[in-house]
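User: I would like to learn how to read strand pairing in a model. Could you take me through it step by step?

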Amino acid sequence: MFYLNLMVNGVVEGLIIGLAALALNLVFAVGRFPNAASGDFMTIGAYAGYSVQQLGSHSALVQGLAAVAASVAVSLASYALVFRHLVGRSMVAPLLASIGLGLFYRSIVSLLFGLDPLFFVMPPIHAYTVAGLRLQGTDLWLATLAAASVAIVLLLLHVTPIGREMRAVADNALLARASGIRSRRVMIALWSMVGAITGIAGLVVALRTTVNPELGWGLLLPAFAAAVLGGVGSPAGAILAGLLLGVMQELSTPWLGFSYKIALSFVVLTVVLLVRPQGLFGTAQVVR
Amino acid sequence: MNNSRRQFVRHGSFAALALAMAARVPAAFAQSGENLRIGALNDVTGAGSPYGGGMQKAILMAADEINATGGAGGRRIEVFAEDSQTAPDAGVLAAKKLIEVNKVHAILGTWSSGVAAAVMPLTDAAGIIHCTNAGASNITSSKGLMFRYSALSVRIGQALAREIAKRGHTRLATMAFNNPSGREITGGAKQGWEKLGRQLVGEVVYEPNRPSYRSEVQTILANNPDAIVLGGYLPDFTVILRETRQAGSNVKFYAPAWAVNQKLIDALGAPACEGVMTHDYVAALDSTAYKTFVDKFKKATGIDPTENYYACCAYDMMTVVGLAAQAAGGKPAIAPMMRAVANPPGTMMYDFVSGKKALAAGTKINYEGASGPIDFDDLGNVKPLFKLSEVRNGKVELVGNAFQDY
Amino acid sequence: MLAYLVAVAIVIGIYALLTISLDLQYGFTGLVNFGQVAFYALGAYASALTALATHSVALGFVAAIVVAAIAALPIGALALRLREDYLAIVTLGFSEVVRLVLLNEEKLTGGGLGLTGIPRPFANLGPGAAEIAYLALVVACNIVVVLIVRRVTRSPFGRLIRAIRDNEVTVASLGKSPPAAKVKTLVLGAAIAGLAGALYAHYITFVTPDQYLPVVTFYVWMASILGGVSTLRGAIAGAAVLVLILEGTRFVRDFFPSILAVQMASVRLALVGLALVLFVLYRPQGVFGRALPR
């Protein structure tokens with residue numbers, strides 16, 4: 001039962017990692033580079049939601065909308081001002097730029113809000129205990145939210161025209177352009193999606209813990225590991241990989257301890273890249 | 001900062017240095033020795049910022065008082081204020097500047113263990129006094145130049161363990177933030193508990209900034225502790241307390257004062273925080289020194305120092321150094337005089353003015369400060385008083401007596 | 001005043017070594033190393049532990065170089081098998097794992113408290129002279145490293161690694177072995193970073209895991225990009241600008257007293273991030289570099 005509860009904890013953490021990995025995966029596939037600023041999009045979303053609460057609104061919906069709006073704005077701005085101009089350069093360029101952007105966003109946030117962690121007002125809510133298994137009401141809500149996000153993303157990608165275009169660009173950018181797909185529209189759709197996902201993820205993390213400038217950066221490594229494990233090009237894979245990673249991390253704690261469980265992501269990441277670079281569900285990638 | 005301060009306070013910068021030197025007003029009292037230069041190296045920004053700013057102001061205030069009487073041992077006090085940023089690297093650079101550029105005779109007011117541990121070898125190498133509030137046990141001076149105005153973290157933990165046993169708990173567990181402060185508080189608690197012949201029922205070390213502490217909480221609750229000593233900070237404690245209550249446990253937490261305050265209660269609501277215990281130093285609440293200090297500090301800064309025990313300590317640091325300099329009669333060797341003016345036996349003194357008068361009359365004095373009795377043991381540590389408080393109905397209230405036996 | 005400037009110069013010298021090391025790995029060989037701080041940390045701790053045990057600073061320096069170089073071998077193996085962005089992520093993870101180990105293996109590393117009282121060379125010269133002597137040591141290390149790197153990059157080996165950076169397939173088809181060359185460069189770069197770590201540890205006289213956060217790697221990347229990745233002149237210039245940002249903000253407050261000191265830390269980070277973005281966007285070859293054919 002102890003382990004089962006650890007697993008449940010892992011599922012919950014894994015969903016958050018999965019959401020962050022989803023955002024990473026999308027940019028990896030369509031934008032073709034790892035976006036190290038994803039974590040900081042999350043952080044900004046969290047602060048936006050917090051500001052809304054400070055202004056008096058305790059509605060999760062309003063906070064969520066604010067978080068999404070802020071992250072989308074930052075995401076689109078990052079694309080328009082920086083990433084757009086780095087198309088055609090080697091992958092290291094947007095990667096480095098995303099690192100720099102991340103540092104910059106983190107510093108702006110701490111200038112505006114200070115370095116101290118801030119708290120949402122969130123009194124404890126009792127868990128439901130079903131046969132020794134502890135289920136938190138907020139977590140069920142979170143699970144639904146994550147599942148809904150994945151469903152919406154999959155829907156958008158496979159059913160809508162813009163989604164089809166995104167997938168085309170992901171498969172073969174040159175061919176896509178040749179067939180008349182306007183990359184500007186696709187990119188705007190991509191970065192908006194990325195912003196929405198990271199905004200939600202950031203708010204959820206902040207609700208469960210604290211709002212602080214390092215919020216997103218701390219999740220980056222597990223998110224990368226999950227993105228790679230799931231396989232670039234598979235949104236559902238990102239979420240599943242996140243779950244897997246989350247559960248593995250928590251189950252490992254009796255042996256690894258809470259400090260080293262974070263190292264597990266690194267090990268997983270490395271092993272996957274060496275053994276099965278396309279991840280669990282991804283398309284064959286040029287990894288070398 | 002008003003202009004009269006300018007004479008005594010320098011920021012670590014070239015421009016300000018030049019300006020300040022130009023603005024210096026000639027001293028109005030006899031200079032029988034060179035100025036007593038003090039480095040106020042405080043955690044004004046960074047994790048120590050709740051305390052560092054107040055500490056620096058307290059040192060300045062004490063220095064002003066001393067200079068108003070004509071100085072200590074005929075020497076005027078010159079304070080050089082630096083911000084360590086609660087970062088060892090920045091602290092070391094600041095200390096180097098204080099020691100090598102400003103040539104200070106003492107460094108006062110380090111607070112975080114990281115900064116103090118880094119600065120300690122520098123002050124020892126330079127042969128100057130280092131007065132600190134840092135609690136880590138590896139901060140010691142091989143030359144007897146370290147004076148700690150608060151308790152070692154380890155001792156706090158030991159004292160807690162005894163109190164917890166006295167209160168009838170039998171199953172103790174510890175949770176530690178993975179840094180020296182957290183680890184030493186819980187380490188001390190473990191030592192104290194084992195000295196009583198008991199064993200801990202759980203120990204967890206946790207990392208900062210985790211997206212959840214669910215598993216950590218689950219692990220610590222696995223063996224049904226009835227009390228948990230937590231060495232950590234407000235952000236992580238908020239999450240851990242929430243997770244613990246959500247798990248349905250009413251285990252009694254004993255957490256440091258900086259982790260239990262109104263912010264915690266606002267975030268979690270009064271019911272969740274009910275019964276949480278916190279430990280803190282109690283400044284010598286009944287002492288004249290404390291009362292006068294509080295009034296003076298409020299007037300000078302507008303802030304109530306009762307929230308900032310360390311500001312009281314910083315005030316005492318400057319005052320004791322001043323008294324020691326006075327007792328040294330203007331000669332440079334101050335360190336040997338520190339215990340002479342602060343430890344018993346001697347006539348109890350509560351401020352610099354009376355202390356100076358008594359010393360001039362040849363009396364042996366025993367300074368009792370705003371932060372406590374200030375009696376240094378052989379290693380340079382004092383034995384402060386602790387108090388326990390409990391959160392009741394959304395307010396932090398004192399319970400029981402202050403304890404000092406550990 | 002002089003003592004402070006000497007201290008700043010020492011820090012510049014140490015960052016210059018780190019930047020040279022990164023330039024060698026990325027600028028000349030195209031290896032994207034986001035885990036530079038790991039070698040810096042390993043060098044610092046190796047030197048500290050050795051010097052504390054043997055009381056020999058020289059042995060400490062040797063240990064630093066050796067340990068960092070050995071640690072680079074598995075990373076080298078990974079670098080052979082991974083594309084640049086994946087290598088970046090993996091090296092980032094590696095540096096975090098190293099930091100976690102340093103934080104948690106207390107019996108060896110002192111854990112969060114770290115190691116203090118690390119022996120300082122020249123301690124018997126007295127404070128002022130010791131500092132200047134240390135600066136001389138740092139400058140000497142820089143000169144030696146620059147000479148070595150110059151030798152390496154102008155040699156046939158150097159032409160090889162530059163060719164690898166520009167077109168790996170061709171080089172392989174010519175029968176030269178990219179893998180061995182890449183690993184050698186990585187190891188040399190790591191050794192230099194390890195030396196920098198030792199210099200820093202013996203200067204500050206204490207090490208804690210907090211000094212080796214990933215952001216240090218990105219400080220060095222900024223210095224590298226800003227100065228120009230393929231030029232040694234650029235490395236030193238970049239390091240100087242970096243230290244100017246890190247230390248210079250200390251003085252800004254005297255001209256703008258309304259800015260709180262706590263905000264200065266954020267300003268420092270903002271400047272580093274902004275510099276990185278702007279240079280990548282508008283002048284990727286840095287101040288001193290020639291425009292790269294990318």
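Analyst: Strands of a sheet pair through backbone hydrogen bonds, in either a parallel or an antiparallel sense. In this predicted model, Ala106(B) stands opposite Ile129(B) of β5(B), and four bridges join strand β4 (residues 106-110) of chain B to β5(B), the two running parallel.

User: Which helix makes a β-α-β unit with β4(B) and β5(B)?

Analyst: That is helix α5 (residues 113-126) of chain B, and the β-α-β unit that it makes with β4(B) and β5(B) is right-handed.

User: Which strand is joined to β5(B) by three bridges?

Analyst: Strand β6 (residues 146-148) of chain B is joined to β5(B) in this way, and the two run parallel; Cys131(B) has Phe147(B) as its bridge partner in β6(B).

User: Are the residues on the two faces of β5(B) buried or exposed?

Analyst: Both faces of β5(B) (residues 129-132) are covered, with Ile129(B) and Cys131(B) buried on one side and His130(B) and Thr132(B) buried on the other.

User: What is the strand order in the open sheet of seven strands in chain B?

Analyst: The order is β8-β7-β9-β10-β11-β14-β15, with mixed pairing. Because β8 (202-206) and β15 (395-403) of chain B stand at the edges with a single partner strand each, one side of each is left without a neighbour in the sheet. From one strand to the next, the twist averages 25°. Within this sheet, β9 (residues 227-231) and β10 (residues 252-256) of chain B pair in the parallel sense over three bridges, and Ile228(B) has Phe253(B) as its bridge partner in β10(B).

Terms used:
Residues numbered from 1 in each chain as written. Chains lettered and ligands numbered in written order. Predicted model: local features only at pLDDT ≥ 70, side-chain atom pairs only at ≥ 80, totals over all residues. Buried ≥ 20, exposed ≤ 12 C-beta atoms within 10 Å, placed from the backbone. Pairing = 2+ DSSP bridges. Right-handed = clockwise from strand over helix to strand, strands pointing away. Axes fitted to C-alpha atoms, helices over the stretch in contact; angles between N-to-C directions.
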